[in-house]
Amino acid sequence: MKKFAACLLIGLMVWCSMPPSVWATGLELNTQADQRDLRQWQPREDGIVSLNGPWELYWNQLLTPGDFAAGSHADALTVSIPAQWKSYTMNGQALSNEGYATYRMKFTLSSEVAGQPLGLYFNNVATAYRFWINGELKQGNGTVGTDKKSMVPRNYPKVFFFQPRSGDNEMVIQVSNFSQRTGGIWEGIDLGDAEEIASLHRNRVMVWTFLTGCLLLMTVFSLFLYIFRKQEQAALWFGLICLAICTRSSLLGESFVYVLFPGLSWEWGVKLEYLSEIVTILSLAAFVNKQYPQEVIPRLFPLFVCALGMFGAFVLATPAKVYTLYMVPYILVLLLPAFLYVMYIYIRAALRLRSGSRTNMLGFLVFFATVVHEILYYTGIVSFGGLVSFGLLFFLLTQLLNLSLLFTRAIAQSEMLSIQLSKVIESQEETIRQRTSSLQELNVRLKQGNEELSRIELVRSTLLAEVYHDLSTPITAIKGFSKAMKTAVIAKEDAPRYAGRIYERSLMLEKLIDNVIELSQLKTGEIQFQFTQVPLLPFLRQLSYRYAEEAESQKIALLWEEPQWVLPPSKELRVTLDRFRFERVFANLISNAVKYTPAEGTIKIWAEFRPNDHSDTGHVVIHVTDSGAGIPESELPHIFNRHYRIPSTETTKTGSGLGLAICTEIMARHQGEISVTSTMGAGSDFFLTLPAQLGNFTADTDPINEGGAHGNDHSAD
Ligand code: ADP
């Protein structure tokens, strides 16, 4: 892209450096010395001729073709054009550039040429003229007069067409000048085929319109840039440069500004030309100052503003005739230093490898070259001028290239930043989402914890009240017995019996305290369970054997009944339980069964497996069935409540009423439950339901022979 832009610029540069005649027609001018005899001239083949002369010049006379026909005219000077009047001499003295004169020339055409219309291209004639071709008056430009008041200056290229005659053709031109530093026909008059002259004019107008249009577009672009982004002051100055050059270009060349604004006087046109130059050079200096602030020489710019501002005021205050006299010092003393300053900044920036400085320098060098060319043109060393506007256009294009690169980079950078930003925002959002969700989780956990704490607190306070109630009965009894013994209310021989009762109550109290604490810890969740997988049948078999002895001491038979159902080969029934806590339940059931079964009775331990459909999982039901007194049906719903004891049974007095409540809690923690069925007089069947599964017989399950982790405590009740 950069290379393409560079090629475009070089192309433009080459195009700009071509002479104006080549842009326009591609034809070379016929510049033979004497154009009076043009009989050999074929307009279409030989191209345009410059009517350089020789011309007759009648100084300070405004003559018409009629005067010449009447022979009433004085002696003439023989001159050639283009030239200023002051370059002619009369009686050994140079003519003045101010004055009026009549030019006359006769040129001979062949009869062949006479058939086709011809065109005349008048370049700059200072500063008003009218002419006759073969006696026919053409308006020319401005109004010719014999003094400043009677004439109206107008000075820009014009085209005229006429029908030539075979043989002699007479051209009479009246010129007057009281306004400009230069006077007379100081740029040539071209004669050619009408179509060719028209096309030359059209092409030149097109080139200058193109130039002005480009500059106007750049002006609008830059000024908009500044309006939307006030900190881009470089854009403001750049816009002003473009506007000033645009104004100057519309005044120079084909000067189409006079066509657009016919009311614009010649005086104001020239003023505008000078003022636009001043604005250009000042804006250029300000522009480079903004472009390369580190290279600026601080005091120079105000100096330029003062000097050029003063000259601008001088231009506004005086007529063109006066200030144009100072053109050379103005160029050398005012414009050139400002130019050199700009160049100095660009060279320094290029040496310091500042961004875009090389393109800038290249553009400025081309511009500078065209300025030098323009100076050479005005001093008469080169034959054509007007390149300076194109040099400036080239320079401005390099600036535009830099500006575009700058913006492209800025946009690319901002795009990159916005992508990065959106990524950061995305990750931030993700973090916020995660944090919010973990905060929500924490909140839920805190809420649960809070609820748990409130529940524990409630359990504790309830327990405290209950414990107080539970303990008060045995304590009251102990207090009563011991007081009676102390105060000798009871006979001495009865003392050991009462002491025995106190001891019994103390034991009961101890058990009660243990049970209360255990139940309270179970309810608050303080007790940690250690679950292991246990092969059920060997475990139950072993427990039964262990408790058989206790039953036998009460003359009760405790029997383990092997199950009738058969497990699949190499499979075993497993349950997940905390050995110690489960044995606590088992021991309580055996203890109750022993307590409520008379001597010679039996207690049977047996188990059944209720598998889920087509599955290795299911439930086991472990039964402790006694042949005791049984429990009335009305009492069954209550016996698992704490402290519930069936009234009117003698044996209940020794219990705490907490055993089955503890069992219910423990079974609940095993995802199981405890239930009872009973028939009065026949006995009770307490059964425990637990989740179980069939597993391959392996040695990785908890070996039962090692016993519970907490020992064989079966003094539950
Ligand atoms: P206790 O310490 O009083 O035995 P439990 O909670 O263990 O407390 O039992 C509650 C009540 O259930 C007992 O008081 C008793 O009346 C009744 N009970 C428990 N087991 C049996 C049983 N096997 N036969 C008859 N009644 C029983």
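This is a tour of a predicted model, from the whole chain down to single residues. Residues are numbered from 1 along each chain as its sequence is written, and side-chain values use heavy atoms, with hydrogens and water left out. Because the model is predicted, local features need pLDDT of at least 70 and side-chain atom pairs count only at pLDDT 80 or more, whereas totals for chains, interfaces and linings use all residues.

**The whole chain**

Begin with everything shown as a cartoon, in which the protein has 18 helices and 20 strands; helices (H or I, at least four residues) and strands (E, at least two) are DSSP runs, numbered from the N terminus. The radius of gyration is 63 Å, well over the 27 Å that the globule rule gives for 717 residues, so the protein is more spread out than a compact globule. That radius is taken over C-alpha atoms, and the globule rule is 2.2 Å times the number of residues to the power 0.38. Along its principal axes the C-alpha trace spans about 190 × 65 × 45 Å.

Of the 717 residues, 47% count as buried, where buried means under 20% relative accessible area, exposed over 50%, and partly exposed in between (1.4 Å probe, protein chains only). Among contacts with a separation of 6 or more, residues 24 or more positions apart account for 75%, a contact being heavy atoms within 4.5 Å.

**Helix α7 and its surroundings**

Select residues 233–251 next, which make up helix α7, with 19 residues and a reach of 28 Å from its first C-alpha to its last, close to the 27 Å expected at 1.5 Å a residue. The expected span is 1.5 Å times one less than the number of residues. The helix is followed by glycine 253, whose phi is positive, near 60°.

Within α7, pick phenylalanine 238, which is buried with a relative accessible area of 1%. Leaving out residues up to four places away in sequence, phenylalanine 238 touches Met218, Ser222, Phe287, Leu396, Gln399 and Leu400.

Now move to threonine 219 in helix α6 (residues 194–228), which counts as buried at 4% relative accessibility. Apart from neighbours within four places in sequence, threonine 219 is in contact with Gly239, Cys242 and Leu243.

**Cysteines**

A search of the whole structure finds 0 disulfides, a disulfide being a pair of cysteine sulfur atoms within 2.5 Å. Cysteine 246 is accordingly in no disulfide, and the nearest cysteine sulfur, that of cysteine 242, is 8.7 Å away. Cysteine 246 is buried, with a relative accessible area of 8%, whereas cysteine 214 is partly exposed at 23%.

**Aromatic rings**

Colour the aromatic side chains, among which 34 pairs are found in the whole structure; rings of Phe, Tyr and Trp (its six-membered ring) pair if their centres lie within 6.5 Å, and planes under 30 degrees apart count as stacked, over 60 as edge-to-face and the rest as tilted. Phenylalanine 640 lies in the loop between β18 (617–626) and α18 (659–669) and phenylalanine 686 in strand β20 (residues 683–696), so the pair ties together parts that are 46 residues apart in sequence. Both residues are buried.

Then select Tyr292, Phe339, Tyr346, Phe364, Phe367, Phe368 and Phe395, which form one aromatic cluster. The buried residues of helix α13 include Phe364, Phe367 and Phe368; this helix (residues 357–378) has 22 residues and reaches 31 Å, close to the 32 Å expected.

At tyrosine 121, the charged end of arginine 204 sits over the ring, 4.9 Å from its centre, and lysine 271 lies over the face of tryptophan 268 at 5.8 Å from the ring centre. A charge sits over a ring if NZ of Lys or CZ of Arg is within 6 Å of the ring centre and within 35 degrees of the ring normal.

**Backbone stops**

Most residues other than glycine have a negative phi, and most peptide bonds are trans. A cis peptide bond joins isoleucine 81 and proline 82, with omega about 0°, and proline 82 is in the loop between β4 (77–79) and β5 (89–90). The peptide bond from alanine 126 to threonine 127 is also cis, with omega near -10°.

Finish at asparagine 60, which has a positive phi of about 55° although it is not a glycine, and which counts as partly exposed at 39% relative accessibility.
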